[in-house]
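Hello,

Here is the structure you are taking over. Please open it first, then read the notes below.

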Amino acid sequence: MRAVNVQPSRRVVLGGSAAAAIGGVFAGFGAGRATATASSSSAPQPTDAAHSPRFQPFHGKYQSGILSDPQAHAVFLGFNLPLDAMDRTESIEHIRSILKMLTADAQQLMSGRGVLADTEPEMSHAQSDLTVTVGVGQSILDVLGYKSSALGRLPEFKGEKLDARYGQSDLIIQCCAQDPTVLHHAVRALRKNLRGITELAFSQSGFMHAAQPVRPGPGFRNLFGQLDGINNPTGQARELAVFGDAQEPSWITGGTTLVLRRIEMNLDKWDEVDRAGRDFALGRRQSDGSPLSGTKSTDPVDLQALDASGLPAIAAHAHIARAKPETADEVLWRRGYNYHETQSSGLLFASYQREPARSFIPVQRRLAQVDALNEWITHVGSALYAILPGVAEGRYLGEEVFSQIKQ
């Protein structure tokens, strides 16, 4: 993998503030701010999808469900393919046929129509901002012989207790929507059509907020009660962090990478912590998300600020102090979701970034080493995927990858 470039990327300097980007986004719960002036790029601009649900476009430079603001509900589906039972030529054709089928199914579902042989097509008719986003693991890129230094596999991090049920899979499908009924139908339709040709590795469901006519503001409350995602990058800075530019693209032009982590929260133990202790551990106020060095959620995180006693306002081991990006490369775009099950609750941390080795991984290493929140959280799932480029009409997901491989 390439060495980390500590210089701010060109488009951050030209399109926004490098200092704002470096003060910006991190792996978990909320940090400083990264913004940029909206550009004339062909990429969709973030919108409050809950305000006016519609049918999201399937075709475009990028896949839907990435740059837009997150919908209220999400399901992440991981699948494995029987690649060991085939030779390379058979494996390549098997992968191609699956991606062609997913192209047809996603296009149908996102336009409000049922898939082929759908027994409940009426469940897809409502406008709900349904998006279907598809990616592949390093295992599939290896079979295809596609080489890229921007992907690879996530390393092990200190303190994590990974459960194989939420680990790496060959294929990932992220389904998001405002309406859980429409989402459930889409997930079931996709699973039915993949039955027999893939094996389901996991299905992880998450929620963010009620799909209300007008949301109260950016971000959402995670299950610790903290405001999460309130200072993600916006506009051009978001597009740059996710896809890069012509000089420094992601693993493929129009593609990006997805880190999916399952973070279990010990809510019972968290209940024992008073408000001051919670704010101290995070470095932000639970009430409004403002950093302890400021008064508004959008204020930059100032690690030099002192409190009334002359002590650092934000402790050196507070979450936001450890997670604050140290370079412009460490800015990433988070689309996390809460999850709650009978025996476990927590956060499905989903982040999109141009190159994990220069963004997610160095931040997560710092958090794993020292983070006040580690007393109440445990990382139990970890996976990394190459998200395929968007699809032009008449083409299929991943066609650019197949055109570059040697049979």
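Buried means under 20% relative accessible area, exposed over 50%, and partly exposed in between, with a 1.4 Å probe and protein chains only. Helices (H or I, at least four residues) and strands (E, at least two) are DSSP runs, numbered from the N terminus.

This is a predicted model: local features need pLDDT of at least 70, side-chain atom pairs count only at pLDDT 80 or more, and totals for chains, interfaces and linings use all residues. Residues are numbered from 1 along each chain as its sequence is written, and side-chain values use heavy atoms, with hydrogens and water left out.

Back to helix 5. At its start, a side-chain oxygen of Asp179 comes to within 2.8 Å of the backbone nitrogen of Thr181. After the helix comes Gly196, with a positive phi near 90°.

**The cores**

The largest nonpolar core has 91 residues. Such a core is a set of buried Ala, Val, Leu, Ile, Met, Phe, Trp, Tyr and Cys residues joined through side-chain atoms within 4.5 Å. Phe76, Ile95, Leu102, Leu171, Ile173 and Trp251 have the most contacts inside it. Helix 3 (residues 88-110) gives the most to this core, with 8 residues. Apart from it lies another core, of 6 residues, among them Ile314 and Ala318.

Ile173 has contacts (heavy atoms within 4.5 Å) beyond four places in sequence that include Val75, Phe76, Leu102, Leu190 and Leu194.

**Helix 6**

Helix 6 (residues 235-243) is mostly covered, with 9 of its 9 residues buried. Among them are Arg238, Glu239 and Phe243. Just after this helix, Gly244 takes a positive phi of about 75°.

**Two residues to look up**

Gln138 is in helix 4 (residues 138-144). Gln138 is buried, at 10% relative accessible area. Its side chain reaches the backbone nitrogen of Gly152 at 3.0 Å.

Lys147 sits in the loop between helix 4 and strand 3 (171-177). Is Lys147 buried or exposed? Lys147 is exposed, because its relative accessible area is 72%. Its C-alpha atom is separated by 9.9 Å from that of Gln404, 257 residues apart along the chain.

Best wishes

Notes. Polar contact = N/O pair within 3.5 Å; in protein donor to acceptor, adjacent residues only side chain to side chain.
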